[in-house]
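The tour goes stop by stop.

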Amino acid sequence: QGNGLGRIRNMLSYALQLRQSDWVRMGVLEKPDAIIVSSAHPFHFKSMQKWANHYKAQLIFEVRDLWPLSLSLLLGVSKFHPLCAWLGHLERHACRHCDTLVSLLPYALPHFTRRGLQPSKFTHIPNGIEVSSDASKGEPPDYLQDLKSNGKFIVMYAGAHGKPNALEPLIEAAKLVK
């Protein structure tokens, strides 16, 4: 619960379990061709690097958040805080040792190259969908049709609700449009 020491301890426990468990030898998984390390947090990168090296698998680092930059910018944690220093070390290590880094963040390449990533290893994969013209021909559900018929303007937000998503300006803008 929360974002305190208990959460960090849980993340570290997860990383340790990954490091100690050879899922291939146990017969749970087949030998991997690639291992994707998703960075909800980066604590498990070195554990998965061990298995990628062991099985000669591609090591893909999938970045969702910039650690420790997210902590510093969003929560005001000092970049000199020991946790930020450690997260920075893990991020630099991952940038130098991954085979590919994929990110939802389109303009993150300079951030990663400053941390040792070779630019040719960066791939931006957008978080979203491309709606084809055929997909837009479907009829909306009846309740949306009713709202539209009554002159209502419909907006949908399909994202997370958290501090990084900055929904307050969206809500304030909606009040102005009202």
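Select lysine 175 and glutamate 172 to begin: their side chains form a salt bridge, 3.3 Å from N to O. This is a predicted model. Both residues sit in helix α7 (residues 167–177), and because they are three residues apart, about one helical turn separates them. Lysine 175 is exposed at 52% relative accessibility. Glutamate 172 is partly exposed, at 43%.

Next, pick arginine 115 and glutamate 91. Their side chains meet in a salt bridge of 2.9 Å, N to O. This pair links distant parts of the chain, 24 residues apart: arginine 115 lies in the loop between α5 (109–113) and β4 (122–124), glutamate 91 in helix α4. Glutamate 91 is buried, with 4% relative accessibility. Arginine 115 is partly exposed at 23%.

Move to arginine 64 and glutamate 62. Here the salt bridge spans 3.2 Å, N to O. Glutamate 62 is buried at 15% relative accessible area, while arginine 64 is partly exposed at 46%. The salt bridge count comes to three.

Now switch to a surface view. Select Arg19, Lys46, Lys50, Arg92 and Arg96: they gather in a patch of positive charge. Helices α2 (45–54) and α4 (82–97) each supply at least two of its residues. Lysine 46, in α2, is partly exposed at 32% relative accessibility.

For a nonpolar patch, select Trp23, Met26, Val28 and Leu29, which make about 400 Å² of surface. Leucine 29 belongs to the loop between α1 (5–20) and β1 (34–38).

Last stop: helix α6 (residues 142–149). None of its eight residues is buried, so the helix lies largely in the open. Just after α6, glycine 151 takes a positive phi of about 80°.

Definitions and conventions
Residues numbered from 1 in each chain as written. Predicted model: local features only at pLDDT ≥ 70, side-chain atom pairs only at ≥ 80, totals over all residues. Heavy atoms only, no water. Patch = residues over 30% accessible without salt bridge, like charges linked within 9 Å, V, L, I, M, F, W, Y side chains within 5 Å. Areas by Shrake-Rupley, 256 points an atom, 1.4 Å probe, with all protein chains shown as cover. Salt bridge = Lys/Arg side-chain N within 4 Å of Asp/Glu carboxyl O. Lys, Arg positive; Asp, Glu negative; His and termini not counted. Charge placed at Lys NZ, Arg CZ, Asp CG, Glu CD. Helix = DSSP H or I, 4+ residues; strand = E, 2+ residues; numbered from the N terminus. Buried < 20%, exposed > 50% of the residue type's maximum accessible area, 1.4 Å probe, protein only.
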